[in-house]
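Grab a pencil and open the viewer.

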Amino acid sequence: MDTRLSLPRCPLLVLLCTVAALSGTRSPLAAAGRSCADTRQVYAEKGYGTDTAPLTQISGEHLRLCPQDYTCCSSQMEETLALQSERDFLRAIEDNSQFLLTTFTQRHRRFDEFFRELIDLSEKSMNQMFTKTYGRLFTQNAHVFQELFVELRRYYSGGSVSLAEVLSDFWSRLVERVFSLVNPQYQFSEDYLECVSKHAEQLQPFGDVPRKLRVQVSRAFIAARALSQGLATGRDIVNKATKLTADSECVRGLMRQWYCPLCRGMPFLRPCHSLCLNVMKGCLANQADLDTEWNNFIDALYQVSEKLEGPFNMELAADSISVKVSEAIMNMQENSVTISTKVFQGCGSPRPAPGRSKRSPKESGGNRRPFRTYTPEEKPTTAAGTNLDRLVTELKERLRPMRGFWVSLPHTICNDEKMAADVTNEDRCWNGQTRGRYLPDVTGDGLVSQINNPEVEVDIARPDVRTRQLIMELRVVTNKLRHAQSGQDMDFMDSEEGSGSGGGDHGERYNDDWPGYGPHSPPYNKPPRNPASSPAKPPRVRERNGSKWNRNSGHGRVRSASSGLTSSLVSLLSLPFMVTVAPMWR
């Protein structure tokens, strides 16, 4: 009887087993008994203990992040792997942004060293040549140039310094000293020399040289400082943007794509490419919003670097300081008779110097030595072991691939074969539930586009505060870089009517300053001085009735042009890199 009752059941059991085999599904019994050896091995290779790891698959009702099917993960394993997925995500961001961080850090250091050494070499070369030629006479008056270079360094380093004011003050001090030296038969009071400097713009004792030097030095220094600051800002922004934390929704998505296959006993199955993109776009939604301002910033850096390579060349500007000053002194010496006559008419007749016979300005400068030309070997050519063209070329090569970095970051991560399956492998990848094709569409870029992200729930109504701050920082530095392209310094635009530190002479180019650019010299309009940084000076024009500027020639402390400190200045300032005037007292 038992035999007869059991016989009909055998065909039924065989039928069920056959159907199950043909359908490709696993019975709960078979699933529960599947080995977790591969999962345990991979888990142990990551440095975790396998004490809580099941030997065979168990029911997944305890899982919070992965599908609650039969699993090889305990609750503790799931929590551990969730933290691991966050670390993997942050490491991927760090690895893929290392190019940016390294470029900005290294380029900033190299440009900064180069620009600072250019300034040092410009001053050092001048000191060496002047000391060699004039010895003690130069060393007694070296502070005149030292003050100029101190201010130039302070400006480049980010100090609140107006280059227009620095150069204006330099020329004012210079005209007082040189005027005394071309008229050694007189002694001049402080008030008298102040009268001379106040009317220097009207007299133009140095010709057009002060304007040319101001334009060339200002444009170069503004661009150099803007580039250096821009590279430093880029470094800081990358540092801040990549130091992020993944919220709970992001971690859920990361865990589901990277480690839920491990819990299902398929540790070598990679997430589908589109699944990875949706997870990354959800986790990096705020970073993608940097894209527009980031691209503007990279473009502005590129354009400023091109300016430094061309018309705003810092090497030429640093080399030109001595040349331009020498030209200015030369011009004043050649026109000393006319200039002195106008000054005597305007400021009054000075007192004769004690122990000197009164001589005319023409006689006082009649024994000058001929001008001297210096060889190129005496002039500085490079700094920091490189040159500007090479630095700019290297920088531009590294800037090009930086555009679109934040928007392309999800693609960069998901294109890594360790992070996701190849885009062509659509049917043999992890789709979030099992092995198979991933059907949802890939979302767009940025915070707003994540409203329908199927993998990461993102609150599009709450933008990240830190990201908004970075966007503002990018806008500020980009604006500075764009103004620097026109020779304008934003820090002084209000006080100097948009001219920056001498950058308002739009379109001015000089053959002797920038080879390859044609001459173009529009009418020069000197920007007004900053009233907050210097006391107001009286108008530099004579009265209509023809009265003199200032006849107070005998008041104040008297300075004699025959003193050693003052008499040696003309030799200091008359020496160019290429052409120089010999000392008038020899």
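This is a predicted model: local features need pLDDT of at least 70, side-chain atom pairs count only at pLDDT 80 or more; totals for chains, interfaces and linings use all residues.

**Exercise 1.** Work out how the span of helix α18 compares with the expected one, and which of its residues are buried.

Solution. Start with the length: α18 covers residues 336-347, 12 residues in total. From first C-alpha to last, α18 reaches 16 Å, close to the 16 Å expected at 1.5 Å a residue. Next, pick out the buried residues: Ser336, Ile339, Ser340, Val343, Phe344, Gly346 and Cys347. Finally, step past the end of α18, where Gly348 takes a positive phi of about 105°.

**Exercise 2.** Describe how helices α11 and α16 cross, and what sort of residues meet there.

Solution. First the geometry: the axes of α11 (residues 209-242) and α16 (residues 291-309) come within 10 Å and cross at roughly 150°. The crossing is left-handed. Now the contacts: α11 brings residues including Ala220, Leu227, Gly230 and Val238, while those from α16 include Trp294, Phe297 and Leu308. Sorted by class, this contact has 12 nonpolar, 2 polar and no charged residues.

**Exercise 3.** Classify the ring pairs Tyr43–Tyr48 and Tyr186–Phe344.

Solution. The structure holds 17 aromatic pairs. For Tyr43 and Tyr48, the ring centres are 5.1 Å apart and the planes sit at 35°, so this pair is tilted. Tyr186 and Phe344 are 5.3 Å centre to centre with 70° between the planes, making the pair edge-to-face. That pair links distant parts of the chain, with Tyr186 in strand β1 and Phe344 in α18, 158 residues apart. Both Tyr186 and Phe344 are buried.

Definitions and conventions. Residues are numbered from 1 along each chain as its sequence is written. Side-chain values use heavy atoms; hydrogens and water are left out. Helices (H or I, at least four residues) and strands (E, at least two) are DSSP runs, numbered from the N terminus. The expected span of a helix is 1.5 Å times one less than its number of residues. Buried means under 20% relative accessible area, exposed over 50%, partly exposed in between (1.4 Å probe, protein chains only). Axes are lines fitted to C-alpha atoms, for helices over the stretch in contact, and angles run from 0 to 180 degrees between N-to-C directions. A crossing is left-handed if the near helix is turned anticlockwise from the far one by less than a right angle, and right-handed if clockwise. Contact means heavy atoms within 4.5 Å. Ala, Val, Leu, Ile, Met, Phe, Trp, Tyr, Cys and Pro count as nonpolar, Asp, Glu, Lys and Arg as charged, and the others, Gly among them, as polar. Rings of Phe, Tyr and Trp (its six-membered ring) pair if their centres lie within 6.5 Å; planes under 30 degrees apart count as stacked, over 60 as edge-to-face and the rest as tilted.
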